Amino acid sequence: MSTTTPATLTFDGRFAREFEELAVPWQAEEAPAPELLVLNDALASELGMDPSYFRTPEGTLMLIGNRIPEGATPVAQAYAGHQFGGYSPLLGDGRALLLGEVTDVHGRLLDVHLKGSGRTPFARAGDGLAVVGPMLREYIVSEAMHAMGIPTTRSLAVVATGRPVRRETMLPGAVLTRVAGSHLRVGSFQFARVNGDTELLRRLADHAISRHHPDAGQAEQPYLALFDAVIAAQASLVAQWMLVGFVHGVMNTDNMTISGETIDYGPCAFMDAFNPEAVYSSIDAGGRYAYANQPRIAEWNLTRLAEALLPLLHEDQEQAVALAVESLGGFRKLYSAAWSAGMTSKLGLDADDDAVSPLVNDLLGLLEEGQVDYTSFFRSLGSAARGTPDAVRAMFADPGAFDAWAKRWLALEPDAGMMDRVNPAYIPRNHLVEEALAAATAGDLDPFRRLVDVLANPYTERPGLERYAGPAPADFGSYRTFCGT
Ligand code: AMP
Ligand code: MG
């Protein structure tokens with residue numbers, strides 16, 4: 001393995017250097033026949049990189065950690081976490097590595113991270129690998145989230161390794177190169193709390209403040225302010241998920257970031273028909289992470305973060321708990337405010353109107369009862385605001401009930417332009433994602449590329465793209481997603 005520095009991308013190994021307790025130096029497994037499947041040119045440029053470098057054999061090796069750029073110290077990060085409510089004191093990157101940090105053209109410090117790069121000391125029974133389909137899936141969905149303006153980790157590239165991976169059948173292996181504000185999670189703090197003294201916890205909190213919530217550093221109680229900032233970031237994030245019908249699917253505490261970015265696109269999915277109980281993950285039998293549970297789960301996870309942070313909040317444990325409880329009380333208010341403001345915009349209405357809240361509640365009841373496609377409904381409602389209600393009426397088996405609702409709504413004079421700016425026409429619909437991944441796995445990347453291209457502009461409806469805007473065909477059936485794929 002040789003060392004090289006691409007002219008414009010300089011790595012730092014800040015996390016590796018500053019957090020030896022949380023970082024195990026490790027190397028990516030050598031890929032027998034690396035092939036670049038997709039490169040995010042725009043993101044590469046944002047990193048200050050000439051995208052064409054990554055298309056060279058040397059650049060492609062860099063994307064999968066088989067050529068270590070100068071300054072990079074690949075590490076597997078340790079973290080703990082509550083998975084489906086059960087606590088594991090040691091999880092960590094079982095099949096991922098942090099290559100290091102880079103500064104983008106806006107001066108932001110970002111993590112460059114690999115997923116599917118081979119077994120690490122945290123791999124437990126896992127093979128450390130990932131396969132082409134699910135890595136392209138993360139690429140599609142994370143980039144779609146970004147295009148919708150929802151905070152998320154980004155996808156820089158997917159490289160096929162040339163190594164077959166055993167799942168239910170043999171499948172082609174791949175590595176995803178992920179870029180994120182950081183990979184600090186609630187689980188990182190849980191790990192520091194059980195494994196370190198307060199000094200480590202404090203150092204981690206200082207790091208989180210400097211990277212993500214610098215205003216907290218100026219507060220009278222910086223660590224309490226950090227906690228408040230994470231609460232605010234997550235309240236806003238989960239509200240945005242709810243507004244676009246996103247079901248994360250595996251909201252374990254190791255999959256909740258301190259930055260407020262969406263992370264870990266394993267079993268996630270967007271719902272078609274509006275259904276508060278929507279669950280897609282094959283392992284979520286109890287529906288713990290169902291659509292409507294997400295705000296509650298976020299609050300539960302933040303309570304776990306509070307427990308980890310207690311020694312920093314006050315030297316007296318009782319007073320620390322009192323402070324944490326008070327801050328946690330803010331979550332519901334912040335979440336409700338973000339959700340209500342978002343729903344108000346989706347309906348094209350004025351935030352101060354008292355009539356909005358009952359209108360939203362009644363609407364959601366109608367959508368659920370009629371099993372109406374959530375995304376198509378809101379997008380078509382924009383046409384109704386412009387005086388063409390036919391398409392949206394046709395979504396209801398009982399258009400009369402919709403008409404009665406629409407009369408009340410139209411009386412508030414909705415702004416159709418505002419609606420088009422917040423109601424996506426194109427989301428990563430499950431049937432489209434599956435179609436693209438099946439073709440890609442068989443060697444045809446065209447449907448994947450087209451889908452990524454459509455989703456890059458979710459709010460601008462374009463002629464000829466009708467098949468990307470509609471619900472799944474009736475024969476698509478019930479959709480199941482999987483973890484650790
Ligand atoms: P997730 O539910 O995807 O966030 O993963 C939970 C934990 O399982 C993390 O510690 C992952 O690193 C680990 N993991 C998932 N899949 C694999 C795999 N194929 N090999 C090794 N570790 C894995
Ligand atoms: Mg994870």
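Student: Why does K115 count as buried?

Tutor: Its relative accessibility is 7%. Buried means under 20% relative accessible area, exposed over 50%, and partly exposed in between (1.4 Å probe, protein chains only). So 7% puts K115 in the buried class. Note that this is a predicted model, where local features need pLDDT of at least 70, side-chain atom pairs count only at pLDDT 80 or more, and totals for chains, interfaces and linings use all residues. Residues are numbered from 1 along each chain as its sequence is written, chains are lettered from A and ligands numbered from 1 in the order in which they are written, and side-chain values use heavy atoms, with hydrogens and water left out.

Student: What makes D264 and K115 a salt bridge?

Tutor: The closest N and O atoms of D264 and K115 are 3.7 Å apart. A salt bridge is a side-chain nitrogen of Lys or Arg within 4 Å of a carboxyl oxygen of Asp or Glu. Therefore the pair qualifies. D264 sits in the loop between β12 (246-247) and β13 (269-270), and K115 in strand β9 (residues 109-115). Helices (H or I, at least four residues) and strands (E, at least two) are DSSP runs, numbered from the N terminus.

Student: Is D264 buried or partly exposed?

Tutor: Partly exposed. D264 has 22% relative accessibility. D264 also belongs to a network of salt bridges with K115, E138 and R178.

Student: What makes R167 and D127 a salt bridge?

Tutor: Their side chains meet at 2.5 Å, N to O. R167 lies in the loop between β10 (154-166) and β11 (170-180), D127 in the loop between β9 and α5 (132-147). These residues are 40 apart in the chain. R167 is partly exposed because its relative accessibility is 25%. D127, at 29%, is partly exposed.

Student: What makes T257 and S259 a polar contact?

Tutor: Their side chains are joined at 3.4 Å. A polar contact is a pair of N or O atoms within 3.5 Å; within protein, one must be able to donate a hydrogen and the other to accept it, and residues adjacent in sequence count only if both atoms are side-chain atoms. The T257 side chain also reaches the backbone oxygen of E261 at 2.7 Å.

Student: Why does ligand 1 lie between two domains?

Tutor: Domain 1 (2-180) and domain 2 (186-329) both give residues to its shell, so ligand 1 lies between them. The bounds come from an automatic or database domain assignment.

Student: Which residues come nearest to ligand 1?

Tutor: G92, G94, G128, N255 and D264, of 18 residues around ligand 1. A residue is near a molecule if one of its heavy atoms lies within 4 Å of it. A polar backbone atom of G92 is 2.5 Å from an oxygen atom of ligand 1. For G94, a polar backbone atom is 2.7 Å from a ligand 1 oxygen.
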